[in-house]
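Please open the structure in a viewer and keep the selection tool at hand.

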Amino acid sequence: MDSGSDAPPLTPAGRRIVDAAEELFYERGITAVGVDLIAERSGVTKRTLYNRFGSKDSLVAACLAERDRRWREEVRAAVAASGSAEEAVTAPFEALRSWTSTYTRGCAFLNALAELPDPRHPGHRVATDQKRWLRDLFEELATAAGCRGPSALATRLFVLHEGAVATEPLALGSVTAAADLARELVRAASRG
């Protein structure tokens, strides 16, 4: 379920379009941004935008898929850098700490799900797949670490993670608090 693996490589113009659209969608909202502004910001014509992506909906999906690709790389790097299987279970929280220092307006995927409630929208599907991937990764890591009840633990960690990303813009230290709580949950599930 790797995001974006089926997409053909982007042309330089396609890359500029995705980069401009992703920034605009994140800063202003998907529904608030029109293709005229995206074309202007990316230095292409609307015709080029539509020739490459076909529709704004497809462009939204491409932008979310690109963001998902980067997020998964960040999480995988955090997992790989973990010192133990138990630490790996909470590695997505460490990735989130780094991620939220760059992206301070909340979660683009949660924002997309709020703006695109129709499950048939291609952007909604990308956002949903991203969330399912993370929940499944927690279960995979909990299983590998020998945690009791890996499925239930994965769901708890996922809910904790999503709450942290949703509330981090409030400057409450949510990611740090969530990471501490996640480690407690994993330790409790690891005790024999």
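UniProt annotations may be inferred rather than shown by experiment, and the positions of its features are given here in the numbering used for this structure. With that in mind, note also that the model is a predicted one.

**First stop: an annotated segment.** Select residues 34-53, where UniProt, in an unreviewed entry, places the feature "DNA-binding region". Over these residues the chain is 80% helix and 0% strand. Now display the side chains of Arg 52 and Phe 53: the charged end of Arg 52 sits over the ring of Phe 53, 4.8 Å from the ring centre.

A pair of aromatic rings is described by the distance of the centres and the angle of the planes. The structure holds 4 aromatic pairs. For one of them, select Phe 93 and Phe 138, which form a tilted pair with 5.7 Å from centre to centre and 40 degrees between the planes. Which parts of the chain does this pair tie together? Phe 93 lies in helix α6 (residues 91-102) and Phe 138 in helix α8 (residues 122-144), so the pair links parts that are 45 residues apart in sequence. Are these two residues buried or exposed? Phe 93 counts as buried because its relative accessibility is 0%, and Phe 138 counts as buried at 0% as well.

Select Trp 99 and Tyr 103. Their ring centres are 4.5 Å apart and their planes stand at 35 degrees, so this pair is tilted. Trp 99 has a relative accessibility of 12% and therefore counts as buried, the cut-off being under 20%.

**Last stop: a buried polar residue.** Return to helix α8 and select Gln 130, which lies in this helix. Gln 130 has a relative accessible area of 2% and is therefore buried. What does the side chain of Gln 130 make a polar contact with? The partner is the side chain of Lys 131, at 3.4 Å. Finally, select the contacts of Gln 130 beyond its neighbours within four places in sequence: Asp 68, Trp 71, Arg 72 and Phe 109.

Notes. Residues numbered from 1 in each chain as written. Predicted model: local features only at pLDDT ≥ 70, side-chain atom pairs only at ≥ 80, totals over all residues. Heavy atoms only, no water. Phe/Tyr/Trp six-rings, centres within 6.5 Å; stacked < 30°, edge-to-face > 60°. Helix = DSSP H or I, 4+ residues; strand = E, 2+ residues; numbered from the N terminus. Buried < 20%, exposed > 50% of the residue type's maximum accessible area, 1.4 Å probe, protein only. Lys NZ or Arg CZ within 6 Å of the ring centre and 35° of its normal. Polar contact = N/O pair within 3.5 Å; in protein donor to acceptor, adjacent residues only side chain to side chain. Contact = heavy atoms within 4.5 Å.
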